[in-house]
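The sequence and model come before the details.

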Amino acid sequence: MTDLAITKLDVLNGFEKIYICTGYRYPDGSVSNQFVSDHDVLTKIVPVYEEHAGWENIAEDCADYAALPKEAKTFLKRVEEIAGTRISLISTGPDRRAQILLHDFF
């Protein structure tokens, strides 16, 4: 994976806290960051979440990364760190033009 597109960032507006699942705790106490699709295993593990400060509002017509709230930028930076790749496109509203292009990946 070379680039991420983050869509619907605006739907997180108004949440006091934003959570990112960073792993899964097994009954023996071990933690893995690998998702398991086996139903029997899924019923026994517990997600491990990282808590981030939320933000009040991102304007629908926001087209500039610098205009994003500080908390949204911190959240996005952490997503990049966890994914191990850069975010190139951020959708900030329902309109097709409501996006921020950080890196041209086409």
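## Burial and surface

A residue is called buried when its relative accessible area is under 20%, exposed when it is over 50%, and partly exposed in between (1.4 Å probe, protein chains only). By these limits, 31% of the chain's 106 residues are buried. The accessible surface of the chain is about 7,200 Å², and carbon and sulfur atoms hold 51% of that area; areas come from the Shrake-Rupley method with a 1.4 Å probe, and for residues only the protein chains shown count as cover.

## Basis of the model

The model is predicted: local features need pLDDT of at least 70, side-chain atom pairs count only at pLDDT 80 or more, and totals for chains, interfaces and linings use all residues. Residues are numbered from 1 along each chain as its sequence is written, and side-chain values use heavy atoms, with hydrogens and water left out.

## Fold

The chain holds six strands and two helices, in the order β-β-β-α-β-α-β-β from the N terminus. Helices (H or I, at least four residues) and strands (E, at least two) are DSSP runs, numbered from the N terminus.

The C-alpha trace spans about 45 × 35 × 20 Å along its principal axes. Among contacts (heavy atoms within 4.5 Å) with a separation of 6 or more, 59% join residues 24 or more positions apart.

## Cysteines

Cys21 is partly exposed at 32% relative accessibility, while Cys62 is buried at 8% relative accessible area. With a disulfide taken as a pair of cysteine sulfur atoms within 2.5 Å, the count is zero.
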